[in-house]
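The paragraphs below lead through one structure, from the contacts between chains to the inside of a single chain, and then to one residue. Please keep the sequence and the model in view while reading.

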Amino acid sequence: MNIGRRSFLSFLIGGAAGTALSPLPWKLTDDISIWSQNWPWTPVPATGEVTYANTTCTLCPGGCGISVRKIDERCVKIEGTPGHPVNDGGVCPLGSSGLQVLYGPARIKTPLKRVGERGQGRWMAISWEDALAQTADKLTELREGGQPQSVACLSGRTYGTMPSLLQRFMAAYGSPNFMTVPSMRDSYALTFAAMNGQTAMAGFDTENTDFVLSFGSGIIDGWGSPVRMFRANSAWQGGRGKVVQAEPRLSNTAAKSDIWAPIRPGTDAALALGMAHVIILEKRYRSDFVSNYTTGFDAFKTMVMAGYSPEKVAQITGVEKNTIVSLARSFARASRPLAICGRGRGEVPGSMNEFMAVHALNALVGVINRPGGVWALPEPGYIQWSGPDLDAVAIAGGRRQRLDGAGSSNPAASLPNRFFTTVAAGEDYPIEAMFISGANPDFDFLNNQRVAEAMAKIPFVVSFSSLMDDTARNADLILPDHVYLERYEDVPAPMGFQRPIIGLCRPAVTPQFNTMHTGDVIIQLAQTLGGTLADAFPWDNYEVCLQDTLGDQWDTLVEEGYAMDEGFSPAPWADMFGSRKFDFTAAGIRNGFVPVPIAGDDITYPLVLMPYDSMRVASGAIGNTPFMTKTVDENVLLHGMAFVQINPVTAGSLGLRQGDKAELTTPAGKAEVRTDLFEGIMPGVIAMPRGMGRTPYDKKLMKHGVSTNPLVSSVEDPISGLEAAWGVRAKLSKA
Amino acid sequence: MSTTEEHANEVPAEIADKKETTPETKKESAIGYVILFFFVGLIASLIVGWIIFPRLLYSQKSQPFDFNHAVHLDLVDEGCQSCHYFREDGSFSGVPKLAQCIDCHEEVNGEDPNEEIFVTEYVWKEREVPWLIYSKQPDCVFFSHVAHVSEDSLYDGKDCVTCHGYHGESETLRPYQYNRITNISRDIWGHNIAGFARNSWDRAKMDDCAKCHAEARDAASRRNLKAPTTRFITNIIDVAFPGTRPAGKGSSVQTERGACFECHK
Amino acid sequence: MKGATTHRYGMVIDLDKCTGCGACMIACMAENNVPFRDDESDKLLSLTWMRIFRLNNGKPFPEADVCYLPRPCMHCEGDHGHSPCVSVCPATATDYSRETGIVSQIYTRCFGCRYCMGACPYKARLFNWWDPVWPDGMEKFLNPDVSPRVRGVVEKCSFCYNRYQLAKNKAFLEGRRELEENEYQTSCTQACPAGAIVFGDLNNPHHQVHQLVDPDMAHGGRPRNPNAFRILERLGTNPKVYYLSSREWVRRSGDNTIEGEGKLKSH
């Protein structure tokens with residue numbers, strides 16, 4: 001048989017014709033194009049019923065109401081709760097990326113026990129029974145050894161049942177060393193205690209203010225409850241008020257202010273006193289308040305008259321004399337003025353001198369407890385637990401000196417910064433075990449090398465973190481908490497809010513991993529330890545405890561998501577200052593402007609480095625989410641390298657151009673950075689955002705940039721002992 | 001098939017002649033071979049294209065267990081919407097969830113082994129049934145049921161049968177066939193491999209949507225012709241020269257038809 | 001189609017109120033399944049439908065001033081819907097809808113030639129250089145109303161068209177064809193903590209957007225409010241995103257003004 005070339009070609013042609021007449025090529029083309037448009041590896045999100053779960057955000061102390069959009073059992077988006085008194089539907093960048101925390105790869109999925117060296121990241125998953133038993137064994141051992149005081153606890157939150165449970169546990173166990181992480185809230189509380197003469201929280205009636213004098217407060221950079229402040233700022237922009245920002249750097253707040261007064265860093269108190277000078281000199285103060293409800297005015301007057309003339313203040317602060325006078329006049333002339341402080345986001349407590357000077361201004365214009373002014377709010381009082389009853393061990397332990405020295409020599413409630421110094425130095429008695437909840441001291445504290453030194457001396461560190469943060473990474477045992485979207489918690493007293501309010505944080509979704517509410521852990525530990533400890537924790541679980549504690553308010557909370565005292569008005573002057581008058585001469589302001597010295601000499605370190613806060617960089621215990629990092633500008637962070645903002649004049653003198661790599665040196669540390677030439681920063685000052693440069697425990701979360709915390713030396717405020725460093729001297733040289 | 005047979009008969013004859021071939025007959029028989037092979041190729045490829053290819057292209061899975069729509073339809077008052085209902089936000093619930101069935105099927109009611117599977121494997125174990133959905137569109141498609149069903153929508157209210165056929169009267173679930181390349185249900189392209197559709201529910205490709213949308217636009221544009229004479233003339237054109245009058249203008253600038261986002265997401 | 005009403009959905013962003021916080025960017029990414037990578041600092045490669053630009057007045061310390069400008073897609077109407085990108089698309093992957101005034105992008109039609117990116121004067125179009133990858137578990141928060149894109153296609157702001165569709169669903173069920181102003185709001189508008197973004201129908205005199213800018217329809221929607229401006233107004237792209245600013249330098253930076261050119265005329 002001779003099948004030639006032709007026959008073969010003919011066969012092919014026939015085949016081609018047949019193929020063309022069949023659906024094969026057309027259908028295949030269609031299918032392949034569909035395939036290439038819907039790759040099988042591209043996720044297809046499942047559809048389902050849409051519901052909203054209303055809860056309260058706890059990622060910062062702002063206390064916003066959030067609505068979690070759900071598709072069946074999946075959370076898909078976080079939105080602000082419309083009508084919520086704090087944020088009315090708005091949501092901040094961190095809040096809206098909260099699902100990246102919930103579903104993020106940094107979650108700790110089960111209790112972990114360290115197996116390698118500390119910080120090496122080698123863990124063994126253990127059961128909750130084991131984890132709790134090991135913790136209880138350690139606690140029993142220490143208690144039986146008669147050293148209950150050697151257990152310390154640090155809580156990231158100040159108010160609510162969670163810190164109260166931890167505190168109660170420590171008290172019943174017998175340790176005085178319970179601490180919370182301080183912020184400007186503590187500085188305000190101490191200022192109120194010293195000048196107003198009472199224990200109170202500061203609330204700011206920003207909705208009704210028509211003139212805000214801000215000493216470096218990042219009104220729209222995260223200060224107070226951020227969304228609430230944004231809304232206030234929008235009202236002011238709309239003509240309801242004026243904003244004056246005194247700050248060495250053109251922050252976003254300064255850029256949006258009506259008047260930006262660039263001030264030499266660290267001299268805010270002097271400016272406040274200079275303005276007080278003008279107000280007193282021109283008799284623009286509220287004489288009815290000053291004469292009836294204050295004490296020490298004459299001494300204060302003598303002090304500011306002698307030392308704080310506008311000329312002199314101009315020399316100290318670099319703000320022009322005329323500006324000082326005109327600012328003072330417009331501040332005093334405004335119908336509802338308000339002076340505020342707390343630098344940036346207010347996470348570093350700051351200097352008492354500054355807080356008191358600013359508070360004195362508020363007193364002069366008589367806006368304490370007045371519409372638009374600063375209000376003294378009662379601390380949340382709904383936690384009314386009896387006891388706890390203490391056994392002999394607890395009494396003996398509790399009588400020991402706190403290692404941070406708070407409460408005795410110092411008015412501050414807790415001073416973890418000093419605690420870590422003491423432990424690192426090995427002074428007094430040793431700390432054998434440390435519990436950390438909702439805080440990340442290994443990262444967050446200034447001079448955090450010192451924290452690391454202290455931690456190295458503590459043989460048993462337990463972290464309750466839901467995420468593998470810097471502190472959890474260095475712990476011995478991790479008892480992971482649910483994240484806020486999976487748990488119940490009360491969220492009282494949003495930072496700076498002017499009315500008593502409790503928000504309810506409740507589960508939007510069932511726990512995704514093998515985690516346990518820290519409240520339940522504490523209750524179970526107490527019950528395992530037995531005796532008076534078990535008696536102090538009679539609840540079956542945390543939810544029962546929460547319901548019991550909130551009592552009548554529980555139903556409101558479940559229904560509304562929050563419980564607010566709508567009719568609250570601050571105490572009138574006669575009640576508040578009737579017996580104990582406002583004191584203009586409290587220790588801290590008595591001697592006028594006392595600058596907070598920062599580390600470094602100005603010859604080796606000719607520049608001043610100031611960390612700044614940005615809404616796009618989270619600086620608290622929760623780090624940046626991938627979405628947030630994505631919003632960071634390329635002149636703040638580029639390919640993992642952080643930029644320092646520097647005035648072009650300063651940069652020119654150092655031979656630095658935009659984007660140049662440079663070595664940043666401070667007395668505390670070194671870092672490699674790039675330079676961003678920014679006309680909005682005072683010559684001689686350089687600035688970097690806080691919150692970057694976390695330990696790279698996860699590629700997508702938070703690895704980027706440089707942390708300012710190891711670069712800035714810690715400075716204790718002489719009055720309060722709280723962290724007061726606002727910067728550090730620095731040197732920048734071309735790399 | 002008849003052509004195939006004819007050729008098949010010719011083949012042995014030609015082979016038989018092969019021995020005594022002169023150059024001329026050689027040539028002739030070569031042409032014969034050429035023709036033969038052309039048809040062999042043609043027929044083989046037609047078989048491949050029409051019969052083998054569809055078998056290779058589609059794979060099938062069976063449903064977790066069988067379901068009798070007809071029985072259920074008799075028991076409910078509101079037709080399809082009794083189980084496939086609209087949620088308050090206007091979204092379509094689709095295939096029922098366990099919670100909807102549980103009222104009747106908490107325990108095994110009858111003899112049907114399928115019901116037993118449902119109750120013991122799913123209801124008692126609180127697992128949703130992983131139904132395979134014949135009419136499932138790919139992720140890039142936005143389809144609003146309510147927009148098609150509601151009388152108040154932009155398109156006239158359609159009933160379920162228009163697109164889903166008489167599925168509601170079926171007594172068993174046929175196997176779920178899907179395209180091996182695209183993973184899309186065979187019902188979208190239609191069961192006819194050439195794409196011929198006899199009924200409106202035979203296919204659900206983009207062209208089928210477009211066709212119906214064009215008709216709807218057309219109807220709308222006709223409604224908008226207010227003057228009776230214009231309407232009359234238009235109707236005459238439609239009858240005399242069907243399909244020549246341009247369909248009503250859609251909102252798309254690119255195509256003058258419906259804008260892409262109407263059906264894409 | 002039964003008599004569809006024409007809308008011109010548009011946005012007004014008050015730059016005096018905008019704090020540059022980035023909440024709009026994140027609300028947008030969360031709503032629209034925008035992916036992220038390890039390093040997003042090269043902004044030419046970073047996918048952000050809504051991007052905030054930082055403007056500065058170019059003056060030295062202490063006269064320096066900074067203003068943030070959030071930039072979604074402008075949804076240009078151009079000349080009767082012939083917006084720059086729609087005109088050039090060879091694949092009919094992008095389209096202008098006369099019904100809503102929204103410029104759509106159909107990811108499955110796009111074949112990634114990026115002609116539209118070149119045509120867009122606002123850099124509002126972005127190219128997927130990589131397949132989207134969500135770290136394990138994070139695909140749980142993906143929104144089913146917006147389909148995730150694949151490598152090799154262009155994407156951009158859709159004015160959250162999915163929200164329009166959902167709002168329409170509800171309206172149909174309730175027997176309505178038209179939406180109330182608050183029923184259809186974009187994700188960024190809803191999230192903005194400063195209330196700086198307002199969204200609505202520019203054709204509807206009852207809507208806030210119309211009232212804020214008072215568009216002059218006879219002249220391509222040019223704003224009559226002297227504080228309002230559009231970016232690159234002179235190009236005639238007729239964008240539907242308006243900005244408000246009380247600062248003249250900000251308004252001037254909205255267009256390519258030549259040095260020494262007279263002050264921006266108020267319309």
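Two residues are said to be in contact if their C-beta atoms, placed from the backbone, lie within 7 Å. This is a predicted model, with scores of ipTM 0.93 and pTM 0.92. By the contact rule, 54 residues of chain C are in contact with 63 residues of chain A. On the chain C side, the elements that give two or more residues are α1 (23-31), β2 (51-56), β3 (66-71) and α5 (187-191) of chain C. The largest share comes from α1(C), with seven residues. By class, this side of chain C has 28 nonpolar, 12 polar and 14 charged residues.

Chain C also touches chain B. Here 33 residues of chain C are in contact with 29 residues of chain B. On the side of chain C that touches chain B, β4 (94-96) and α4 (161-173) of chain C each supply at least two residues. The most comes from α4(C), which gives nine residues. This side divides into 12 nonpolar, 12 polar and nine charged residues.

Confidence can be followed chain by chain. Chain C has an average pLDDT of 92, and 94% of its residues score at least 70. For chain B the mean pLDDT is 83, with 82% of the residues at 70 or more. Within chain B, confidence is highest in strand β2 (residues 176-179) of chain B, at 95, and lowest in helix α1 (residues 2-17) of chain B, at a mean of 47. Over residues 1-11 of chain B the pLDDT stays under 50, and the model has four contacts beyond four places in sequence for them. Residues 13-19 of chain B are also below 50 in pLDDT, and this stretch has five contacts in the model beyond near neighbours in sequence.

Chain A can be taken next, beginning with a sheet. Three strands of chain A form an open sheet in the order β1-β2-β3, with antiparallel pairing. Because β1 (50-56) and β3 (74-80) of chain A stand at the edges with a single partner strand each, one side of each is left without a neighbour in the sheet. From one strand to the next, the twist averages 30°. Strand β2 (residues 65-71) of chain A pairs with β3(A) over six bridges in the antiparallel sense. In one of these strands, β3(A), A:R74 is the bridge partner of A:I71.

The domain assignment divides chain A into domain 1 (9-37), domain 2 (112-184 + 393-497 + 509-553), domain 3 (217-375) and domain 4 (607-734). Taken over C-alpha atoms, the centres of domain 2 and domain 3 of chain A are separated by 38 Å. Seven residues of domain 2 of chain A are in contact with eight residues of domain 3 of chain A. On the domain 2 side there are five nonpolar, two polar and no charged residues.

C:G137 is in the loop between β6 (126-127) and β7 (154-155) of chain C. Leaving out residues up to four places away in sequence, C:G137 touches A:Y103 and A:P105. C:R252 is 115 residues from C:G137 along the chain, and the C-alpha atoms of the two are separated by 46 Å.

Note on methods
Residues are numbered from 1 along each chain as its sequence is written. Chains are lettered from A and ligands numbered from 1 in the order in which they are written. This is a predicted model: local features need pLDDT of at least 70, side-chain atom pairs count only at pLDDT 80 or more; totals for chains, interfaces and linings use all residues. Helices (H or I, at least four residues) and strands (E, at least two) are DSSP runs, numbered from the N terminus. Ala, Val, Leu, Ile, Met, Phe, Trp, Tyr, Cys and Pro count as nonpolar, Asp, Glu, Lys and Arg as charged, and the others, Gly among them, as polar. pLDDT is the predictor's confidence in each residue, from 0 to 100. Two strands pair if DSSP finds at least two bridges between them. Axes are lines fitted to C-alpha atoms, for helices over the stretch in contact, and angles run from 0 to 180 degrees between N-to-C directions. Domain bounds come from an automatic or database domain assignment.
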